[in-house]
2 protein chains.
Amino acid sequence: MGKNLLVGQSGGPTAVINGSLYGVAKKGLEDVSVDHVYGMVNGIEGFLNGHVMDMSTLMEDGSIELLPTTPGAYLGSCRYKLPENLDDPVYPELFRKFDEYEIGLFFYIGGNDSMDTVSKLSRYAASIESPIRFIGVPKTIDNDLVLTDHTPGFGSAAKYVATTVREIAVDASVYDNKKSVTIVEIMGRHAGWLTAASALARKFEGDNPVLIYLPETDFDQEAFISQVKTALETTSNLVVCISEGIHDDKGTFICEYASEVGTDNFGHKMLTGSGKYLENLVKDKLGVKVRSVELNVCQRCSSSCLSATDVEEAKAAGSYAVERALLGDTGVMITFNRAKNEPYEMELGTADVNQICNAEKPVPAEWICNDGSDVTEDFLRYALPLIQGHVEVPEKDGLPHFIFRK
Amino acid sequence: MGKNLLVGQSGGPTAVINGSLYGVAKKGLEDVSVDHVYGMVNGIEGFLNGHVMDMSTLMEDGSIELLPTTPGAYLGSCRYKLPENLDDPVYPELFRKFDEYEIGLFFYIGGNDSMDTVSKLSRYAASIESPIRFIGVPKTIDNDLVLTDHTPGFGSAAKYVATTVREIAVDASVYDNKKSVTIVEIMGRHAGWLTAASALARKFEGDNPVLIYLPETDFDQEAFISQVKTALETTSNLVVCISEGIHDDKGTFICEYASEVGTDNFGHKMLTGSGKYLENLVKDKLGVKVRSVELNVCQRCSSSCLSATDVEEAKAAGSYAVERALLGDTGVMITFNRAKNEPYEMELGTADVNQICNAEKPVPAEWICNDGSDVTEDFLRYALPLIQGHVEVPEKDGLPHFIFRK
């Protein structure tokens with residue numbers, strides 16, 4: 001078996017995906033049974049085009065220590081879907097390249113679509129009796145992977161969302177003599193975990209955000225207007241959080257009522273504008289001052305609100321993935337199992353990657369309440385440990401000091 | 001003369017306006033010649049309606065120490081413009097109320113419009129020979145007040161903008177095999193200081209944001225497209241920063257090409273959508289992948305990127321204002337005078353508030369270069385000291401712990 005390790009990042013970036021890269025690379029570089037640690041530049045797509053870097057350079061100049069506090073994907077990412085048909089010539093081509101680099105261990109850090117890549121590569125490996133071990137390291141701000149308590153990336157994104165919504169609520173309240181509505185649009189195509197995390201922003205019972213809408217329930221525009229109207233009776237400066245993916249009972253996305261949408265490479269609908277649409281709706285129906293704020297890419301790339309818990313878990317997942325691969329595991333994803341909630345205790349494990357890829361874990365129905373306009377205490381108890389701990393990001397000239405490829 | 005102090009906040013919030021409130025309140029509460037420190041709830045408009053709080057309660061429970069790291073306006077704000085005509089009955093009404101509370105010292109923390117309030121009150125006071133002293137304490141993220149090197153609020157907003165643009169650039173670069181344009185829309189109606197601060201995000205020469213457009217120069221859509229096209233030749237994932245207030249040589253705001261705009265109470269045009277408009281323009285003309293990000297209210301309300309220099313200066317301005325008032329000054333605003341740049345040394349002073357209100361300080365023409373698509377090294381040397389130093393915001397349950405009125 002090849003004595004070298006290959007690691008890549010795929011899908012949308014998160015604030016801690018480089019933490020997992022750090023975990024994999026450092027463990028690999030330190031382990032005597034691993035000769036070289038190679039990084040795929042721009043994922044499996046870049047690897048196919050021969051874009052590979054030797055990760056030992058980051059150890060030599062010490063810059064590897066900047067990885068866990070650098071957002072984005074240091075190695076670059078891709079959205080490349082391997083063919084469903086394992087007879088496709090891309091598979092032997094890839095495995096020839098693996099052999100060329102004498103790869104024995106393969107790690108892919110990503111979400112559902114990346115686990116699909118790990119699944120296909122490990123199944124193809126089995127079919128040709130290749131000894132290469134393929135392991136998935138989870139990351140997604142969406143927190144929608146099954147068979148794991150949560151995924152690295154969610155904690156920091158949740159902390160960013162809760163912090164920002166608390167700040168937006170403070171900002172909205174400065175003119176409290178005039179009624180106003182602020183609609184905050186949060187990432188989450190099908191799963192509302194990140195939108196639900198906005199509930200953490202409340203400083204006391206009944207505090208903003210008063211209304212929270214997830215894509216797990218059908219969104220009714222008339223019920224929404226009536227709920228906003230009722231909420232404005234007790235909260236002058238109302239903050240409403242919505243998921244970008246809210247839709248009605250016919251399955252029509254709310255943003256589709258406003259504008260045309262396209263689809264991405266994976267056939268996902270590209271969403272934009274649910275907040276803007278509802279802003280106009282509230283203005284039209286209730287005549288109050290309304291604004292909408294789209295949290296946008298900062299949710300997944302901000303280093304300002306890193307959760308120490310999340311960063312440590314991202315690193316641990318990467319490191320543990322190398323351990324398990326060396327023990328012989330393949331075709332699995334690293335999972336998190338909550339042993340205890342108070343105090344919070346997490347155990348790492350593995351699960352069959354074939355059962356994870358292309359599946360999605362929604363927020364459970366029993367954690368959604370008030371006719372789909374809020375989340376329960378159970379959700380808060382689940383999410384709270386994941387945002388704990390502050391991470392000091394090294395500064396240079398007054399700004400966060402990030403590592404980047406030249 | 002009344003032995004009590006009255007302080008209020010007005011205009012849009014900033015991340016450090018509560019730092020100045022802290023400076024005024026603490027100095028007032030500690031000074032033996034001041035009996036009571038009162039806060040106007042929702043500025044002069046709230047005061048007229050009898051909304052006043054005793055600030056000593058914050059000293060008693062120690063919560064005053066949370067003020068400097070709490071964004072927004074603790075006392076609440078207003079956008080109330082006093083009548084131009086000093087014969088208006090609101091003036092004697094206000095001064096009757098000042099006497100009722102035995103006010104001798106009046107402090108108003110705000111921007112141009114708030115200085116207009118200080119100007120009118122001090123002029124009316126002179127006309128009736130009132131001994132009350134009126135002092136303006138500057139704050140604005142826009143940094144557009146004249147007769148001062150800069151204003152508290154700008155440093156933290158600039159740090160937020162530069163940090164966030166650096167993070168957005170990192171996020172944009174993860175798929176560097178595909179050309180893309182990210183347009184970031186930054187606050188600033190007439191003055192481009194905050195948009196200019198995005199240049200601080202560059203990690204090396206030629207780094208993103210490659211193109212920066214301020215409202216100080218006329219924006220030419222054809223020249224813009226040609227500059228984007230040229231920049232894409234050397235930067236695959238281009239980040240462009242624009243001020244919300246960019247306009248063409250006819251004075252038409254770029255966003256007006258997209259949608260209707262209204263005006264606020266002060267007759268300012270309400271802007272939205274320049275970024276969105278240019279996103280569509282680039283897509284249409286160049287056919288590349290484009291997205292636009294509106295930084296929105298987080299620029300003025302984020303506690304995550306507080307500049308230690310800014311927080312300290314905001315506190316000092318408040319404290320110095322009380323000193324100067326006790327020395328007999330009135331009708332002035334506290335100013336910052338840069339004594340030295342390296343190392344940075346700032347001296348506090350005062351200037352006639354009548355010369356400040358309703359005037360605006362643009363970014364100097366000699367600090368704008370490359371046909372209006374960049375800022376010079378001189379601007380960077382000016383701005384860099386203002387974003388220095390990290391502030392640890394107290395956390396509670398994993399989120400920033402803010403003080404708020406119950």
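## Helices 8 and 9 of chain B

From helix 8 of chain B come Gln221(B), Phe224(B), Ile225(B), Val228(B), Lys229(B) and Leu232(B); they meet Tyr277(B), Leu278(B), Leu281(B), Val282(B), Lys285(B) and Leu286(B) in helix 9 of chain B. By class, nine of the residues in this contact are nonpolar, one is polar and two are charged. The model is predicted.

Helix 8 of chain B covers residues 221-234, and helix 9 of chain B covers residues 274-286. Their axes come within 11 Å and cross at roughly 65 degrees. The two helices are therefore roughly perpendicular to each other. Their crossing is right-handed.

## Helices 4 and 5 of chain B

Another pair in chain B is helix 4, residues 90-100, and helix 5. Helix 5 of chain B runs over 112-127. The axes of helix 4 and helix 5 of chain B come within 11 Å, at a crossing angle of roughly 85 degrees. Helix 4 of chain B is therefore roughly perpendicular to helix 5 of chain B.

Which residues make this contact? Helix 4 of chain B brings Tyr91(B), Pro92(B), Leu94(B), Phe95(B) and Phe98(B). Helix 5 of chain B brings Lys120(B), Leu121(B), Tyr124(B) and Ala125(B). Eight of these contact residues are nonpolar, none is polar and one is charged.

## Helices 1 and 11 of chain A

In chain A, helix 1 spans residues 17-30 and helix 11 spans residues 308-326. They pack at an angle of about 35 degrees, with axes 6 Å apart. The crossing of helix 1 and helix 11 of chain A is right-handed.

Gly19(A), Ser20(A), Tyr22(A), Gly23(A), Val24(A), Lys27(A) and Gly28(A) are the contact residues of helix 1 of chain A. Facing them in helix 11 of chain A are Ala314(A), Lys315(A), Gly318(A), Ser319(A), Val322(A) and Glu323(A). This contact divides into four nonpolar, six polar and three charged residues.

## How the two chains relate

Turn chain A by 180 degrees, shift it 0.0 Å along the axis, and it lies on chain B with an RMSD of 0.0 Å. The two copies are thus related as by a two-fold rotation axis. Which residue of chain A comes closest to that axis? Ser304(A) does, with its C-alpha at 2.8 Å.

## Cis peptide bonds and positive phi

Most residues other than glycine have a negative phi, and most peptide bonds are trans. Some places in this model depart from that. Glu342(A) and Pro343(A) are joined by a cis peptide bond, with omega about -5 degrees. Pro343(A) sits in the loop between strand 10 (332-341) and strand 11 (344-352) of chain A. In chain B, the bond from Asn208(B) to Pro209(B) is cis, with omega near 0 degrees. Pro209(B) belongs to the loop between helix 7 (193-196) and strand 7 (211-213) of chain B.

Asp371(A) is not a glycine, but its phi is positive, near 55 degrees. The residue lies in the loop between strand 12 (368-369) and strand 13 (374-375) of chain A. Asp371(A) is exposed, at a relative accessible area of 75%. Glu129(B) also has a positive phi, near 55 degrees. Its place is the loop between helix 5 and strand 5 (133-138) of chain B. Is Glu129(B) buried or exposed? Its relative accessible area is 71%, so Glu129(B) is exposed.

Ser180(B) is in strand 6 of chain B, residues 180-186. With a relative accessible area of 8%, Ser180(B) is buried. Leaving aside residues up to four places away in sequence, Ser180(B) touches Ala172(B), Leu232(B), Ser236(B), Asn237(B), Leu238(B) and Lys289(B). One of these, Leu232(B), also takes part in the contact of helix 8 with helix 9 of chain B. Ser180(B) and Tyr108(B) are 72 residues apart in sequence, and their C-alpha atoms are 46 Å apart in space.

Glu294(A) belongs to strand 9 of chain A, residues 289-294. Glu294(A) is partly exposed, with a relative accessible area of 35%. Its C-alpha atom is separated by 24 Å from that of Glu360(A), 66 residues apart along the chain.

Definitions and conventions: Residues are numbered from 1 along each chain as its sequence is written. Chains are lettered from A and ligands numbered from 1 in the order in which they are written. This is a predicted model: local features need pLDDT of at least 70, side-chain atom pairs count only at pLDDT 80 or more; totals for chains, interfaces and linings use all residues. Side-chain values use heavy atoms; hydrogens and water are left out. Axes are lines fitted to C-alpha atoms, for helices over the stretch in contact, and angles run from 0 to 180 degrees between N-to-C directions. Helices (H or I, at least four residues) and strands (E, at least two) are DSSP runs, numbered from the N terminus. Angles under 35 degrees count as roughly parallel, over 145 as roughly antiparallel, 65 to 115 as roughly perpendicular and the rest as oblique. A crossing is left-handed if the near helix is turned anticlockwise from the far one by less than a right angle, and right-handed if clockwise. Contact means heavy atoms within 4.5 Å. Ala, Val, Leu, Ile, Met, Phe, Trp, Tyr, Cys and Pro count as nonpolar, Asp, Glu, Lys and Arg as charged, and the others, Gly among them, as polar. Buried means under 20% relative accessible area, exposed over 50%, partly exposed in between (1.4 Å probe, protein chains only). Copies are superposed by least squares on the C-alpha atoms of residues with pLDDT of at least 70 in both.
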